[in-house]
Amino acid sequence: MRNYIAVIFNDTGKAYEGLHALWQLDGDMEVTVHGAAVVHRDNLGQFQVDTKETHPGLATAVGVGIGALLGALAGPAGAAVGAAGGAGIGAATGGMAGLVADAGRADTRQEAAAETGFVLGDGQSAVIADVSEDWTSPIDTRMKELGGIVYRRARSVVEDDSWYGSDLYPYDYYLYPYEYVPPAYPY
Amino acid sequence: MGKIDTNIKDALDNVRAAAQGLHGAISDAAAKRGGATKADLEAFAQKAKAVADSAKGSLNAQNEAAKKHLADAVTHLEATQKHAVEAAKSSGQAFQTSIKKTLADARASVQKISEAVAAKRSAMFKKTK
């Protein structure tokens, strides 16, 4: 089954361990990773796509999209405001990565949490990935070992969100242009 | 339960690794100061052709779902080659447009090969259950 996952960690270092573990699971043929990115929310509530291993030219492309992505993973309530917030701020900042998504507001946060439980709190980091998995145990077990909490939404459900493909989100793929694809397959 | 033998990685995994490497190299070149050089672009065109040939070579060994994704990937790889050749011969706005198309098709090929890998693994998983 094709899923978007969000794995929440309390610090960025652990999120990178999670990212590497995810690609290792791919190398072990337990899952197939189609793309992955690390997202961080600082103590002021600003979201940013971490540039450590995301290609710098892509990671700083534009603020549009990351609010939409996080919102989409949080559920329909988060999707609408996440997309709108991301588009507005991306346009206003002329391509700076990082934005304050409205999905972080307390009321929206509660609504999103009620639907899926996915919330990225201040100071936390998340691995966001598009994966194919025949069973959920490999990712759940490995991420639990690393202290991560896994949330899932089926890709088909995310893409059924009514705003998907609108002018607010100009890409045909949620992780684009933020995804990290390893330069070499991790054998 | 359902664990797949990790020793049976095959040509498809190698094709995926090669396509990921190609996409990474193109995005690195596109992002660098001064942009991709003519030599870079000629190398990308050759690599795209080589990956497309490898993908074609492993088509018949795949199940139907994987075969369809892989055939789509070949189309994108051939387009990658074509756009890289065009970029090497152009300048200005036409050059930028060709670079963007080269990158977009390389990325699309990685996605399609990834989907082929997932289809193949899923079929193997069902067999081992």
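Leaving aside neighbours within four places in sequence, which residues is B:V51 in contact with? They are B:V15, B:A18, B:A19, B:L22 and B:L77, where contact means that the C-beta atoms, placed from the backbone, lie within 7 Å.

## About the model

This is a predicted model, in which local features need pLDDT of at least 70 and side-chain atom pairs count only at pLDDT 80 or more, while totals for chains, interfaces and linings use all residues. Residues are numbered from 1 along each chain as its sequence is written, and chains are lettered from A and ligands numbered from 1 in the order in which they are written.

## The sheet of chain A

Let's start with chain A. Its five strands form an open, antiparallel sheet in the order β3-β2-β4-β1-β5. Strands here are DSSP runs (E, at least two residues), helices are H or I runs of at least four, and both are numbered from the N terminus; two strands pair if DSSP finds at least two bridges between them. β3 (47-49) and β5 (149-154) of chain A are at the edges with a single partner strand each, so one side of each has no neighbour in the sheet. From one strand to the next, the twist averages 25 degrees.

Strand β2 (residues 32-41) of chain A pairs with β3(A) in the antiparallel sense over three bridges, and A:V39 stands opposite A:V49 in β3(A). Helix α1 (residues 12-27) of chain A lies across β1 (2-9), β2 and β4 (125-132) of that chain, running at about 180 degrees to β2(A). Axes are lines fitted to C-alpha atoms, for helices over the stretch in contact, with angles from 0 to 180 degrees between N-to-C directions.

## Helix packing in chain B

Now for chain B. The axes of helix α2 (residues 38-57) and helix α3 (residues 64-89) of chain B come within 8 Å and cross at roughly 160 degrees. α2(B) and α3(B) are therefore roughly antiparallel (parallel under 35 degrees, antiparallel over 145, perpendicular 65 to 115, the rest oblique). Residues making this contact include B:F44 and B:V51 of α2(B) and B:L77 of α3(B).

The axes of helix α1 (residues 11-31) of chain B and α2(B) come within 10 Å and cross at roughly 165 degrees, which makes α1(B) roughly antiparallel to α2(B). Among the contact residues are B:V15 and B:L22 of α1(B) and B:F44 and B:V51 of α2(B).

Notes: Two residues are in contact if their C-beta atoms, placed from the backbone, lie within 7 Å.
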